[in-house]
Amino acid sequence: MSRAAAGSHPIPARIAWTARDRVYLASLDSLPLQVCDRITIRLRGDSVAAAEVTGVMAPEMVVARLTHGALLPHGDLQHLEILVEPPPIEPLSLLRVGVPGRARSNLIFACNPSLRPPAGYRVGGSSRHGLLLVRDSAGVASPERPWPDTLQVGLYDEAADEEIAIERGDLDVAVFWPGELTAHLRVPPRSLVTLGGGRSRGIIAGMGTDRGPASGSSAFVFPDRAAAALDEAVFRGDLERFAQAPRSGDPRPGEPARFTVDPSFPGRHVIERALDLSASRATGRAAAIRIFYLDAPVAEPDSIALAAARYVRANFPPPLATRADSLAAALREPPGVSHRSSHPTPALDLLGDVLEVVPLFTLDCPVVCGARAALRVRAIGAGAFADLIDCGGRRP
């Protein structure tokens, strides 16, 4: 062995110790390594061994298995140089994917899901438990997005059954609703990898329906403590702050707040309890804040604003309903028309100014995959697997 593979690059890691064919790499900083990455070990410019990452024990330590060469003859391990390259993604005929089934709602909405095939796939077969999606176009697969020839998508009515299936290897990829994955798989065994799959549709929003003493004095600001409680205590960190959301804060630390959650949320009472615990206990007139869901594309600010207008018109009397009509008119689109804006700020500014609605979070579905499937899932994008679930039947 004399040269490292093309495309490899050095990393600031050292071999902490070896045990038979195992090599433990450590660093003072986080290592940019993933399961299945290929490692070349060099001494004075010559390659002396090769290994494959088999587990990430901590951000600063990984374990790899020697696949070629040996280390024992080289004595001082501190003089060895470590290079890494990602493994190639080979063509794949079948990928087995699990998603939530029809009997499985989440805390935000009750979904009677259908499966949305990725572009370039057609339904090749179906059963009560899922679909077989067959790729009918070579254009859907590329080195950058290496989709398999066939997706076998199974519907799981119980999250526990889906967790068991991914752990015992019956699935290659398993998608879960936000807040659903157990603690056991949030720190998965070495054979599994947990990724975040951001859905391209769906926003949790907050609205100041009555801001008490602060009404009219300043722009509506959603409380930091409530945002943290919603994400961490209820959804276990599976919510993603909306990319263009204004900063939250606590402008009046002593001001009490009363939270209500849209009655359509299956987890309404759980969410309200968590938000109440985060609210100030100060006395006085409480600001009223409503939490609700907008079924709109996260990348289309005008569609988000129009979805909020539809929600307010349907759920509040004048003058709020009248303001919602004014917002739709200001956007120059009738409610119900999807429109992508090249200038996102005006639509969201109008949404806050006219209706005091703030987009808070998008949905990040945990995507658990086998270690070898993880490289493919990362290349395709975990969000593409979260988007396989179409809840189009649920509209606010």
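Arg20 sits in the loop between β2 (14-19) and β3 (22-26), where helices (H or I, at least four residues) and strands (E, at least two) are DSSP runs numbered from the N terminus. Although Arg20 is not a glycine, its phi is positive, about 55 degrees. With a relative accessible area of 71%, Arg20 is exposed; here buried means under 20% relative accessible area, exposed over 50% and partly exposed in between, with a 1.4 Å probe and protein chains only.

A word on the model before going on. This is a predicted model, in which local features need pLDDT of at least 70 and side-chain atom pairs count only at pLDDT 80 or more, while totals for chains, interfaces and linings use all residues. Residues are numbered from 1 along each chain as its sequence is written, and side-chain values use heavy atoms, with hydrogens and water left out.

Cys36 also has a positive phi, about 85 degrees, without being a glycine. Cys36 belongs to the loop between β3 and β4 (38-43), and at 6% relative accessibility Cys36 counts as buried.

Now for the whole protein. Its secondary structure comes to nine helices and 19 strands. Of its 396 residues, 49% count as buried. Among contacts (heavy atoms within 4.5 Å) with a separation of 6 or more, 73% come from residues 24 or more positions apart.

The largest nonpolar core has 56 residues, and Val97, Phe222 and Phe385 have the most contacts inside it. Such a core is a set of buried Ala, Val, Leu, Ile, Met, Phe, Trp, Tyr and Cys residues joined through side-chain atoms within 4.5 Å. Strand β18 (residues 357-370) gives the most to this core, with seven residues. Leaving aside neighbours within four places in sequence, Phe385 is in contact with Leu95, Val97, Trp147, Val173, Val175, Val377 and Ile380.

Two helix pairs are worth a look. Two packed helices are described by the angle between their axes and the distance between the axes. Axes are lines fitted to C-alpha atoms, for helices over the stretch in contact, and angles run from 0 to 180 degrees between N-to-C directions.

| Helix pair | Angle | Axis distance |
|---|---|---|
| α5 (residues 301-315) and α6 (residues 320-330) | about 155 degrees | 8 Å |
| α3 (residues 224-234) and α4 (residues 268-278) | roughly 135 degrees | within 9 Å |

The angle makes α5 roughly antiparallel to α6, and α3 is oblique to α4; angles under 35 degrees count as roughly parallel, over 145 as roughly antiparallel, 65 to 115 as roughly perpendicular and the rest as oblique.

On the α5 side, Ala305, Leu306, Ala309, Val312 and Arg313 meet Leu320, Ala321, Ala324, Asp325, Leu327 and Ala328 of α6. By class, this contact has nine nonpolar, no polar and two charged residues. Ala, Val, Leu, Ile, Met, Phe, Trp, Tyr, Cys and Pro count as nonpolar, Asp, Glu, Lys and Arg as charged, and the others, Gly among them, as polar. In the other pair, Arg225, Ala226, Ala229, Leu230 and Val234 of α3 meet Val270, Ile271, Ala274, Leu275 and Ser278 of α4. That contact divides into eight nonpolar, one polar and one charged residues.

Pro319 is found in the loop between α5 and α6, and the peptide bond from Pro318 to Pro319 is cis, with omega near 10 degrees. Ala308, in helix α5, is buried at a relative accessible area of 0%. Not counting residues up to four places away in sequence, Ala308 touches Leu294, Leu351, Leu355 and Val357.
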